[in-house]
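Please open the model in your viewer and keep the sequence beside it.

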Amino acid sequence: MACANYAEAAAASFGVQVAKQLGYRKVVLETDAMNEVSDLKYEKAGLSPLFLFYEDIHMLKRSLDSFQVRHVKRGGNTVAHLAARWDVSFSSDFFCTDLIPQSNMTLAEFDSVE
């Protein structure tokens, strides 16, 4: 299994954990990884370490009021791809919760049109 699959699953799990910690009760997970969408929607199980991330997501979603997984085309996910390129060498965690850079806001507006 490709490292990209593990990275996508780890990021999804981390994102749901952060949303819960920030107090969100309704969460929509969007990803351009179609296999991840399918695995999470149908709660597929497996022996790969990948499924440990999915199990974490399934446990977390039970404590939420609403949880959805959606597939977005890669072209409609430019903000995530921009964020993946940010230099985080100074810290392993980086959050924008208040002032979001204008470049990201502009890209998010384009993404919502897709």
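Are Phe51 and Tyr54 buried or exposed? Select them: Phe51 is buried, as is Tyr54, where buried means under 20% relative accessible area, exposed over 50% and partly exposed in between, with a 1.4 Å probe and protein chains only. This is a predicted model, in which local features need pLDDT of at least 70 and side-chain atom pairs count only at pLDDT 80 or more, while totals for chains, interfaces and linings use all residues. Residues are numbered from 1 along each chain as its sequence is written, and side-chain values use heavy atoms, with hydrogens and water left out.

Now show the two rings. A search of the whole structure finds one aromatic pair, and Phe51 and Tyr54 form it, edge-to-face, at 5.5 Å centre to centre with 85° between the planes. Rings of Phe, Tyr and Trp (its six-membered ring) pair if their centres lie within 6.5 Å, and planes under 30 degrees apart count as stacked, over 60 as edge-to-face and the rest as tilted. Because they are three residues apart in helix H3, Phe51 and Tyr54 are separated by about one helical turn.

Next, select H3 (50-61); helices (H or I, at least four residues) and strands (E, at least two) are DSSP runs, numbered from the N terminus. The buried residues of H3 include Leu50, Ile57 and His58, and their cover includes H1, H2 and E2.

Definitions and conventions. Contact = heavy atoms within 4.5 Å.
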